[in-house]
Amino acid sequence: MSTPDIRVEKGHAEPEEVAAITAVLLARAAAQPAETPAHRGPKAGWRRLEREGGFRAPHSWH
């Protein structure tokens, strides 16, 4: 056994605790979809205000 895959940075974890967190991580990794969808659907019809310019001229409202 070379280097461990999981390391406790602070405190002391019992072997049962390390086994439990390993099981949770493996279950979450197995639950992830294998393929990511290429297209997410239609674009939102609204814009985030913080990404807009601060001023719009009155003639640009329509």
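This report describes the fold, surface and side-chain contacts of a predicted model.

In this predicted model, local features need pLDDT of at least 70 and side-chain atom pairs count only at pLDDT 80 or more, while totals for chains, interfaces and linings use all residues. Residues are numbered from 1 along each chain as its sequence is written, and side-chain values use heavy atoms, with hydrogens and water left out.

The protein has one helix and zero strands; helices (H or I, at least four residues) and strands (E, at least two) are DSSP runs, numbered from the N terminus. Of its 62 residues, 0% count as buried. Buried means under 20% relative accessible area, exposed over 50%, and partly exposed in between (1.4 Å probe, protein chains only). The protein exposes about 6,800 Å², and carbon and sulfur atoms supply 58% of this area. Such areas come from the Shrake-Rupley method with a 1.4 Å probe; for residues, only the protein chains shown count as cover.

| Residue | Place | Relative accessibility |

The side chain of E14 makes a polar contact of 3.4 Å with that of H12. A polar contact is a pair of N or O atoms within 3.5 Å; within protein, one must be able to donate a hydrogen and the other to accept it, and residues adjacent in sequence count only if both atoms are side-chain atoms.

There is one salt bridge, defined as a side-chain nitrogen of Lys or Arg within 4 Å of a carboxyl oxygen of Asp or Glu. R7 forms a salt bridge with E9, with the closest N and O atoms 2.5 Å apart, and both residues, R7 and E9, are exposed.
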